[in-house]
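User: Hi! Could you walk me through a few spots in this model?
Analyst: Happy to, let's take a look together.
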Amino acid sequence: MSADLLHLLSSFPCAPGSSLLPNLRVLSWPGDSDDVFPFIRFFLPPTLLCLNFPGEYWPACKQTFMSFLHIHCPHLKEFSSTPPPPDAADCISDFIITAEHLASIDCGIPNEAAMKHLMSKSSIRYLTIDMPDDDQYEPAEDINLPTTEKFSLHAQGLDQASEFMQQIKLRPVSVDFLLGDVAPAPFIWGFFDQLSNSLDHDKLEILKYSIEGIVDNPRANQYIYELEENALEPLFIFRNLVIVQLENFRMPYLDDAMAVQIAYAWPHLEELKLSTGQDWQTDTGQLRTSTLMLHGVGYITSHCRKLHTLGLVFDPTDDCAMLKAEWINDNIRILDVGASPIENPVAIAATLLFLMLGVKEIWTKPALKNLSLGIGLVPIADRRAERWTPVLEMVTVFGSMRDGAKADGRAEARKDLLEELAKEGFLTTMRIKRGQKESSSEQPES
């Protein structure tokens, strides 16, 4: 919004202490220059519930305004801003201490006094911590926030995130970690183990961990960042997980035995995505393969019956004879195969139709341009994406044929039932046509 327009709007009659928009509940104010920000006072009704400052500049007038925000908006429930510089961070922390009804905070990292104050507030439900890259913040110790339902932590490095999680106790339903870089596998295992000490085991239902720019990060292709087979074991203590998104980790050692443990540990899963956010290409240009086979995929689908979205990188080229007849899940609608290899689309389509009766979408990674069979060899064409595409087409066609056969079977069964009822005298009038059946019920005359 330009300064000229704000001048025009503020020229409308407005009683002192009132707002141009008295019924406003949500306000996002991106203008943070010295000539624009002061006009915010004309748009702040005392009933405002949500305020967002997406601008990165914090002039003196904006910092001074924070000192009076609790007076202008006494009922404010949600406050968010881009991570502020250190001098402005203290102003925000002071506001957090004076605010009475805050339920959602997303404004960098509050100082120790503000974090201690939040411990005494039962109203906090949503908390987002965005840690500065330079580590210039005031660490708080022994923080316990039992009422927080959704917790998000943004940090450049895993060491920052680990240090913060060591000082906090939470009972959230949802946690979301966004990291700026990859970390060696042992550090990831240690972080997952730390979560078992920081988070309530029974209440957690949603766990997300993602890494910014993972596809364009050359370090992600190195073997040192591949997770070991037992990397997920510290997380198995969270028995009520419903959504698990760990897409940005390459897990080539996750095998069928680990799939059994996943299904046992997380029986309530509705969405599971592991390793599908990586290309699985090593720093030598070769394609890394998974030790997870169709047997493990089938075990998870059959024992986690609430799954509707499944993302796994697996090797579908093994023999399917070990799949059991009862391993069926008709809830799965989305299958993300990520970087999974493929040789025979017809056989895979038939197997997936057997395992996942209702699948509607199959996602795969785009083709790589520099895939190689080995160091110094000529690059080969990556045909995984184009081979997975007909799998979905075949699954769709086969599924339509199966549904049609089921409909015909139900129609024949209904026809037989109506004929039997007619023989017994319960139906005196009956019209039966294939594909459309109508009947009128009449009680026999006494």
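Analyst: First, a term we'll need: a residue counts as buried when its relative accessible area is under 20%. Also keep in mind that this is a predicted model.
User: Okay! So is Thr128 buried or exposed, and why?
Analyst: Thr128 has a relative accessible area of 13%, so it is buried.
User: Where does Thr128 sit?
Analyst: It is part of strand E5, which covers residues 126-130.
User: And what does Thr128 touch?
Analyst: Leaving out residues up to four places away in sequence, Thr128 touches Ile105, Asp106, Cys107, Gly108, Ser152 and His154.
User: Switching topic: which residues of helix H4 are buried?
Analyst: In H4, residues 112-119, they are Ala114, Met115, His117 and Leu118. Looking down the axis of H4, these buried residues fall within an arc of 160°, so they line one face of the helix.
User: What do those buried residues of H4 pack against?
Analyst: They pack against helix H3 (86-98), strand E4 (104-106), strand E6 (143-145) and helix H5 (158-165).
User: What's going on at the start of H4?
Analyst: There, Asn111 has a side-chain oxygen within 3.3 Å of the backbone nitrogen of Ala113.
User: Last one: where is Asp315?
Analyst: You'll find Asp315 in the loop between strand E13 (309-311) and strand E14 (334-338). With a relative accessible area of 15%, Asp315 is buried.
User: How far apart are Asp315 and Glu343?
Analyst: In sequence they are 28 residues apart, and in space 9.9 Å, C-alpha to C-alpha.
User: And which residues does Asp315 touch?
Analyst: Not counting residues up to four places away in sequence, Asp315 touches Ser290, Leu292, Met293, Leu294 and Pro341.

Terms used
Residues are numbered from 1 along each chain as its sequence is written. This is a predicted model: local features need pLDDT of at least 70, side-chain atom pairs count only at pLDDT 80 or more; totals for chains, interfaces and linings use all residues. Side-chain values use heavy atoms; hydrogens and water are left out. Buried means under 20% relative accessible area, exposed over 50%, partly exposed in between (1.4 Å probe, protein chains only). Helices (H or I, at least four residues) and strands (E, at least two) are DSSP runs, numbered from the N terminus. The arc is that of the directions from the helix axis to the C-beta atoms. Contact means heavy atoms within 4.5 Å. A polar contact is a pair of N or O atoms within 3.5 Å; within protein, one must be able to donate a hydrogen and the other to accept it, and residues adjacent in sequence count only if both atoms are side-chain atoms.
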